[in-house]
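Subject: Structure handover

Hi,

Here is the structure I said I would pass on.

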Amino acid sequence: MKRDDELRLHAYLDGALGATEAVDFERRLAEDSELRAGLAELRAMSRRIHSQAAYFDAPPRLRARVLARVRGEVPRRPRRLALWSGLAAALAVAAMAAWISPGLILRTGAWDPRLQEVLDGHLRATLGTHWVDVASSDRHTVKPWLSARLGFSPVVPDLSEQGFELIGGRLDVLDAQPVAALAYRRHQHMISVFVWPGESVGTPQATERRGYHVIRWSGGGLSYWAVSDLNEAELRDFMRLLSSAP
């Protein structure tokens, strides 16, 4: 693999490419098996690192003192103790920053790099002009179009009577593989639903980043990720409706 491609792979994985560059690179990913293999290898390495990293809970007294220090509530100490307290506070702030870092942690505490990809895919669609490949409110049009281009058949329910209008669907690339992206609208809020064959998720997992809510669940051998700037309650209602659709 060329050095330039390696650098762009890392930049794409880190979310450092601009919207146009990312779209162009995803087109290359869809056509280049070597690039997809390289991206899959990088993601697998990232998952191994995060899954094998050691984490330790601070003792309650230390946690209380560190939090108090961060809030500026600790009284003056002798210099040696103050130095240790300052170091502990700095470490705690770094740890907390890592814990709440946007796009890395689902509410369940499970780290998944695909979360950032899902958010990026939704933003590219809503901020750009490529919202759908097939524009239709008829599920009998959208579902066959997607099924003909993918190795699976996603559920594409019509939820307009429940207040969620089907706009259409498109192809996207997540985790170095082509996926279905369904587009719905609730009032003026857009919803992207990314669907692909994947592992089972017992309980739906939710997170929030910069005003966008993401809910992940599974059913029928497929993984679903819904993202929108809708409030979480409405997005959960949407998830339940889509999950129960035939």
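**What I found**

Of the 246 residues in the protein, 39% are buried (under 20% relative accessible area, with exposed meaning over 50% and partly exposed in between; 1.4 Å probe, protein chains only). Before you read on: this is a predicted model, so local features need pLDDT of at least 70 and side-chain atom pairs count only at pLDDT 80 or more, while totals for chains, interfaces and linings use all residues. Residues are numbered from 1 along each chain as its sequence is written, and side-chain values use heavy atoms, with hydrogens and water left out.

The overall picture: the secondary structure comes to 8 helices and 7 strands, taken as DSSP runs (H or I, at least four residues, for helices; E, at least two, for strands) and numbered from the N terminus. The accessible surface is about 13900 Å², and 55% of that belongs to carbon and sulfur atoms (Shrake-Rupley method, 1.4 Å probe; for residues, only the protein chains shown count as cover). As for contacts (heavy atoms within 4.5 Å), take those between residues at least 6 apart in sequence: 55% of them join residues at least 24 apart.

**Strand 3 and its partners**

Strand 3 (residues 177-186) has 7 of its 10 residues buried, so the rest of the structure largely encloses it. Strands count as paired if DSSP finds at least two bridges between them. On one side, strand 2 (residues 165-174) runs antiparallel to strand 3 and is joined to it by 9 bridges, with Leu171 opposite Ala180. The hairpin these two form has 2 residues between the strands, and Asp175 there takes a positive phi near 55°.

Strand 4 (residues 189-197) is also antiparallel to strand 3, through 7 bridges. Here Arg185 stands opposite Met190. This hairpin has 2 residues between the strands as well, and His187 takes a positive phi near 60°.

**Salt bridges**

Side chains of opposite charge can pair when their charged atoms come close. I counted a salt bridge when a side-chain nitrogen of Lys or Arg is within 4 Å of a carboxyl oxygen of Asp or Glu, and by that rule there are 6.

Asp172 pairs with Arg124, with the closest N and O atoms 3.8 Å apart. Asp172 sits in strand 2 and Arg124 in helix 6 (residues 114-127), so the pair ties together parts that are 48 residues apart in sequence. Both of these residues are buried, and Arg124, Arg170 and Asp172 are linked in a network of salt bridges.

Glu234 and Arg186 are both buried.

Then there is Glu232 with Arg236, at 2.9 Å between the closest N and O atoms. Both lie in helix 8, 4 residues apart, about one turn of the helix. Arg236 is partly exposed, with a relative accessible area of 23%.

**One more spot**

Have a look at Ala135 in strand 1 (residues 134-135) too. Ala135 is exposed, at 63% relative accessible area. Leaving out residues up to four places away in sequence, Ala135 touches Ile167 and Gly168.

Cheers
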